[in-house]
Amino acid sequence: MMFTAFLARETAKIVGSYFWHKTEADVINGDVVRRSGGVDDESPYVVDVDYSYYYGGASYKSSKFSFSGGKYGSYEGARDALKNVWSGGVAYCYVNPADPSEAILEHGSPWIILFLPIPLVFVAIGALGLFAIWKRSWWGANAASEGSIARKVKKKVDSRRVLLVLGIFLTVVGALLTVTLSRRILSQLSAFDWDEVTATVISSSVVRHESTDDDGHTSVTWHPDIFYSYTYGAVDYKASRYDYLSMSSSNRDAAYKVLAKYSAGQPVVAYVDPDNPEEAVLSRQIGWSVLLYCIPLLVLLLGVALLKNTLFKSTSFKRGDGNSAGDEYRRAGESNFSVSNSPADNYPESNAVQTDPATGYHVLAQKIGHVGKFVAVLFFAVFWNGIVAVFISEASKSWFQALFLVPFVVIGLILIGACVYQLLAIFNPRVVVKVNTVRPHLGETVEVLWEIVGDAKRISSLSLRLCGREEATYQRGTSTMTAKSQFAALPVGGQSSFSIKSGSGSVTIPLGTMHSFAASSNKIIWEIEVEGVIPFWPNISDSYELTVQPLKKEAIEG
Amino acid sequence: MNELSINLDSKECRPGQVLNGRVVWRGMSSHGSLEVHLLWYTEGIGTKDAEVIETITVEHAGDMGERKVSFRLPLSPYSFNGTHISLLWCVEAVGDGGDAVVREGFVLAPDGKVVELKEVPGSKASNPWTFSGVNT
């Protein structure tokens, strides 16, 4: 609440200044200076400006740049802020009509108002919690209402709306952060084409940043601040950018290690953008810490996953063909019946790619192909090992920290092995499976054709089965677990003469078993599983989902 | 003290069948409404799923009364009992703003009996149609 009030006050001040009177100002001098504020000064670069203006027939003088005092953490930030309001010509200031002696050159960013809802979310959560406790104590604990399954379903629909809002928020924030940080990566990459010049260090120091969380724990991070000058095209410039990727880090020694290379008065190498000589860096390196820039991408992916899960959940289930279980049977009898939810038939879609015109059979596709599996494992392995590498480099001087990281290193090595395995599996012979129907009913026979694309001679044995299994997903702590149990394993019976290269077979789905079913956490899945043994190579282990429908209406009525 | 009960004509139902029943209530709030839901839900190790198929609302139910209800049952999902998941059907009546809840279960399956799913070994043996060593 207090933080919200503070943010609201600052927002009101900035927004209010937009209603101040704009007046021409005569800038007497304007420059960016670096204060020697010590290690705790996080904004040592200050816009130093003096200007005069007329208002209401009186003359005034001011040196106030903005409400924040014109203080910035980098020379570039202060320089650009000054350039935005004055580049040597005419300047304008904004005069407080209630107190004309107060004026500013820069309003401050009005986008701060977008951050106001963030603490308000926490205020709302707290208020909702208090209200829920109050309501519960006033009305009494209602075991009966908690026992109504229908009301829980309704609450789940309501909570899905909350997840939808959260999904939108994470998607927007993740997208903005990803774009912003991607620009920094691209800028760092572009520096490889910049011109090398000799710069002179004006001053160098380490800046300490301290923050305290809600529990009162204080964390301290450090970053080197190097202020330097250079000449390009006979023009003198100043800068303080080390590179585009550095972040404040808890590793104090690393910050001082960088600092040791840049003493005041020392000539150093800098890289200047030939298209914009004001921009320069001291380092063009790209280290493992760049992987931390992937975190906003994960936030974005999480937001998109939440949106997909909430927005498209109701449409992820399709009806069985030939049996409209929904419309025909939803309404019966009296007119005051009402439908509360989506149709009762929850069938996942089979993954048919196309229909073979020669046979009329449907070619089945896997949900995730070998390339997809390899890319997924590779991405995770690179991300995991990159993060672990960053922590290893920071833990190099502490044996305890190094010992703590051993399990994570082991997992990283396993992931590398999994990458190699999946890469080899990409070069396996491919099995093309075709069926006469992708949505068979219970009791029906599925005709199966298969063909090996690639070197079938490498396969020493091949088996095809139609398998049915339960899948139940649940939470254990912060992890999501899935329990599986197979209840059917039906061999695909073949002709008397066959070959591994190609063949045909059939399998009949029993009557007394369960059809395909898919809800949020519980599923009944039917798949054709293909297992092929390849000596000294990853085996073929593919699966193709089928949608097994319930008995046809006529079969039940008969 | 409120009382709420449901009586169903049949506990073993087939898909597409009409299920008739009777809801009786007594001692309810005189201005409350009564809701009768046809729904299925899961039980077992997984997070519970549920879906309300149809709802009958009795406005101004009064403090006592009875009402005949009738639902046309859908073709699926069947009631089943597996290793990790069970799916159950029921008619649930909720009254008095949620203070009174009663549920009467029934089976929905082609033969009116719960489909039993027994776990089979996951091994790849016992397949007479395993093709080996014949490459053309």
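Strand β7 (residues 195-212) of chain A and strand β8 (218-232) of chain A pair in the antiparallel sense over 13 bridges in this predicted model.

Residues are numbered from 1 along each chain as its sequence is written, and chains are lettered from A and ligands numbered from 1 in the order in which they are written. Local features need pLDDT of at least 70, side-chain atom pairs count only at pLDDT 80 or more, totals for chains, interfaces and linings use all residues, and side-chain values use heavy atoms, with hydrogens and water left out.

Another helix of chain A, α2 (residues 75-85), has Y75(A), E76(A), A78(A), R79(A), A81(A), L82(A) and V85(A) as buried residues. Buried means under 20% relative accessible area, exposed over 50%, and partly exposed in between, with a 1.4 Å probe and protein chains only. The buried residues of α2(A) pack against several strands of chain A, including β1 (21-34), β2 (45-55) and β5 (91-95). Strands β8 and β9 (235-239) of chain A are also among the packing partners of these residues.

How far can chain A be trusted? The pLDDT, which is the predictor's confidence in each residue from 0 to 100, averages 81 for chain A, and 82% of the residues score at least 70. Over residues 137-145 of chain A the pLDDT is below 50, and this stretch has 11 contacts in the model beyond near neighbours in sequence; a contact means heavy atoms within 4.5 Å. Residues 314-345 of chain A also have a pLDDT below 50, with 76 contacts beyond near neighbours in sequence. Where pLDDT is low, the predicted coordinates should not be read in detail.Chain B has 0 helices and 11 strands. Of its 136 residues, 50% count as buried. Among contacts in chain B between residues at least 6 apart in sequence, 67% join residues at least 24 apart. Chain B exposes about 6,100 Å², of which carbon and sulfur atoms supply 49%; accessible areas come from the Shrake-Rupley method with a 1.4 Å probe, and for residues only the protein chains shown count as cover.

One open sheet of chain B has 3 strands in the order β1-β3-β6, with antiparallel pairing. At its edges stand β1 (3-8) and β6 (64-72) of chain B, each with a single partner strand, so one side of each is left without a neighbour in the sheet. Neighbouring strands of this sheet are turned by 20° against each other on average, direction ignored. Between β1(B) and strand β3 (residues 18-26) of chain B there are 6 bridges in the antiparallel sense, and I6(B) has V23(B) as its bridge partner in β3(B).

Strand β9 (residues 100-108) of chain B takes part in two further pairings. With strand β2 (residues 12-13) of chain B, β9(B) pairs in the parallel sense over 2 bridges, and E12(B) is bridged to V107(B). Strand β8 (residues 85-95) of chain B runs antiparallel to β9(B), joined by 7 bridges, with E92(B) opposite R103(B). The hairpin of β8(B) and β9(B) has 4 residues between the strands, and D96(B) takes a positive phi near 55° there.

S521(A) is buried, with a relative accessible area of 11%. Not counting residues up to four places away in sequence, S521(A) touches E471(A), A472(A) and T473(A) as well as T47(B) and D49(B). In chain B, V52(B) belongs to strand β5 (residues 50-58) and is buried, with a relative accessible area of 3%. The C-alpha atoms of V52(B) and Y41(B), 11 residues apart along the chain, are separated by 8.7 Å.

Finally, a search of the whole structure finds 0 disulfides over all chains, a disulfide being a pair of cysteine sulfur atoms within 2.5 Å. Among the cysteines, C419(A) is buried, with a relative accessible area of 9%, and C13(B) is buried at 0%.

Conventions:
Two strands pair if DSSP finds at least two bridges between them. Axes are lines fitted to C-alpha atoms, for helices over the stretch in contact, and angles run from 0 to 180 degrees between N-to-C directions.
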